[in-house]
Amino acid sequence: MRATNALAGLVLVAATAWPAAAQAPAAPAPVAGDPAVLKKSCDKGSMADCYTLASMYRRGEGVARDASKGAGLLKKACEGGHARACFDLAGMNRTGEGVSRDIPKAVVLLKKSCDLREGEGCLQLGLMEQEGRDVTKDLGEAATFLQRACEAGMARGCGALAPMYLDGVRFPRDAARGGSLLRKACDSGDTDSCVVLGKLLATGDGVARDARGAVALYTQGCNGGLGRACYELALAHERGEGAPRDGARALALYAKGCEQGDPRGCHAEGRLVRDGVGTTRDLKKAAALFGKACDKGAPAGCVDLGLLTESGGGTAPDVALAAALYQKACSARDPRGCLRLGMLYHGGVTGMGKDVSRAATLFKEACDGGDLAGCSALATAYVKADGVGRDLDRGMELYKKTCDAGYAADCYNLGSQYQRAFGRVSDLAHAVPMYQKACAGGAAAGCYELALLHEVGNGVARDHSKAVAFLQQACTAGIKDACAKLKGR
C-alpha cells in the first residue's frame with residue numbers, strides 16, 4: 001500500500017515554535033551573571049557575551065527586563081557572526097518583541113543564521129517555505145533548507161523532508177529514501193517521524209513490511225504522549241495487525257489518543273462504543289464522543305453524529321441538525337458527509353426541501369472524494385437524468401467502476417444498460433457477464449435476468465435447469481416475479 005499525502009502530512013502538523021527567548025550558552029565562570037562585566041566584554045568584541053547579555057535583558061534576569069535593549073545586543077552579536085543571535089533576532093522580528101514586526105527582515109536573519117550553520121534557522125526557513133507560512137510557498141527552497149537542517153542534526157528537518165520523497169513532491173517518488181530520512185529523524189528523537197515510519201513498516205512501502213516493528217514504534221510514541229501514535233496502536237489492536245486483536249485494548253488506546261489531542265481517537269472510541277466492541281453498547285456516550293471529535297476537527301465524527309441524529313439513536317431525531325453536521329463534514333472534504341447530505345436533498349425528507357440538482361452536485365463531490373457509494377448514486381443520476389443532464393456513457397463508466405469495486409447491484413445496473421441499450425444497439429455479450437457478476441455478488445436482480453435469458457436462449461444457451469436454478473436464487477432473495485414464475489411451472 002502506497003504512502004499518501006495524508007500519511008506524510010503527519011510530520012507537518014505544526015510549525016516549530018519561535019522562542020520568546022533563547023537559552024544562553026554557558027558563560028565563562030568569571031563573568032557569569034554580572035551584567036557590567038558582560039557589557040565590557042561585549043564592547044571589546046565578545047559576541048558570545050553580547051548574546052548572553054541580550055538574553056538576560058529579554059528575560060529580565062539580573063537586569064530590568066528590556067526587550068528593545070535585548071534586540072540591540074542581538075543585532076550586534078548577529079553582525080559579529082553569532083549564529084544563534086541571528087536566529088533569536090529573527091524570532092523577535094517575526095513576533096514584534098522589542099522591535100517592529102518585520103517578516104522580510106526575519107527571513108533575511110534566518111538565512112544568515114542558517115548560513116552560519118545554525119540548524120534551527122535552516123529548519124525554520126524550510127518549514128516556512130514548505131507550508132507557505134509568512135512567505136510564498138516554494139518547495140525547491142524548502143527542500144534545500146530542510147536538507148541543510150537535516151545535515152546539521154535537526155531531526156525534524158529530516159522528518160519534514162521525507163514527505164517530499166514519499167509523495168513525489170519536488171523529487172521523483174522514492175519511498176526508500178523517504179523511509180531512510182524518517183528512520184534518521186526517529187532515531188534522533190523526532191516522535192512524529194517514528195509514527196510515519198511505523199505506517200511505512202505496516203504497509204511495506206519502500207521498506208520491508210514489519211507490522212510488529214510498526215507496533216513497537218507506535219507504542220514508543222504513545223508512551224511518549226503522542227495522541228496519533230496511540231490512535232495507530234489502537235488501530236493495530238482492532239485489526240489484529242502486528243498486535244493481538246483486542247477490542248477492549250483498542251478502545252482504551254483510542255480513548256488515550258483522544259485525551260492526548262487526536263480527534264480521530266475520539267471518533268474511533270465513539271465508533272466502538274456505538275457498536276459495543278470492547279464495551280457495552282451506549283449510543284448516548286457514542287454521540288458525545290462523535291460530537292467531541294467533530295468539534296475538534298475530525299469530520300468523520302460529524303458524519304457519525306449526523307447519522308445518530310438523523311435516526312434518533314442516542315438523541316432525539318433532528319434532520320435539520322443532521323444536515324448541518326453533514327454539511328460541516330462535506331466542507332471539510334469528508335466524502336461521506338457529502339453523500340449523506342445529498343441523500344437528504346434527493347429524498348426530500350421532512351425538514352429538507354427536495355433538490356435533486358443539489359443532490360447530484362453533492363454525489364459528485366462524494367465520488368470525486370473517493371466514496372464509491374457517491375459514484376453509484378451519481379451514475380444513477382446520469383442514467384436517469386435526475387438532477388443532471390442524461391449522460392449514459394458517463395453513467396456506465398461509473399457503474400463499471402463501482403461494479404469492479406464489488407457493488408453487485410451496479411453490476412446489474414451496468415448489465416441492464418448493455419442489454420436494454422436505450423437508443424443504442426443491445427449488447428448481450430457484455431450484459432451477460434455483468435448479470436453473472438451481479439448474481440454471484442448477491443444482487444438477486446442479476447439472477448432473475450439470467451433466468452429469463454436462459455429460459456429463451458437469448459445471448460446464452462437455452463437451458464431449462466439453469467433457468468430454474470436462477471429463479472430459485474432470485475425468489476429466495478425476495479424477487480416476487482421469480483417466485484411467481486416458479487409457481488407457474
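**Close-up 1. Helix α16 packs with helix α17 in this predicted model.** Two packed helices are described by the angle between their axes and the distance between the axes. Here α16 covers residues 283-295 and α17 covers residues 299-311. Their angle is about 145 degrees. Their axes lie 7 Å apart. The crossing of α16 past α17 is left-handed.

**Close-up 2. Residues of α16 and α17 make the contact.** From α16 come Leu 283, Ala 286, Ala 287, Phe 290, Gly 291, Ala 293 and Cys 294. From α17 come Gly 301, Cys 302, Asp 304, Leu 305 and Leu 308. By class, 9 of the contact residues are nonpolar, 2 are polar and 1 is charged.

**Close-up 3. The second largest pocket has a volume of about 190 Å³.** Its lining includes Tyr 231, Leu 235, Arg 239, Arg 264 and His 267. Ala 268, Arg 271, Ala 298, Pro 299 and Ala 300 also line this pocket. Two or more lining residues come from each of α13 (227-239), α15 (263-275) and α17. The most come from α15, with 4 residues. The lining divides into 6 nonpolar, 1 polar and 3 charged residues.

**Close-up 4. Glu 97 and Arg 58 form a salt bridge.** Side chains of opposite charge can pair when their charged atoms come close. The side chains of Glu 97 and Arg 58 meet at 3.0 Å, N to O. Glu 97 sits in the loop between α5 (83-95) and α6 (103-115), and Arg 58 in helix α3 (residues 47-59), so the pair ties together parts 39 residues apart in sequence. The structure holds 29 salt bridges.

Conventions: Residues numbered from 1 in each chain as written. Predicted model: local features only at pLDDT ≥ 70, side-chain atom pairs only at ≥ 80, totals over all residues. Heavy atoms only, no water. Axes fitted to C-alpha atoms, helices over the stretch in contact; angles between N-to-C directions. Left-handed = near helix turned anticlockwise from the far one by under 90°. Contact = heavy atoms within 4.5 Å. Nonpolar A, V, L, I, M, F, W, Y, C, P; charged D, E, K, R; others polar. 1 Å grid on protein atoms, 1.4 Å probe; cavity = no way out; pocket = protein on both sides within 12 Å on 5 of 7 lines; lining within 4 Å. Points joined across faces, edges and corners; volume = space filled by probe spheres on them. Salt bridge = Lys/Arg side-chain N within 4 Å of Asp/Glu carboxyl O.
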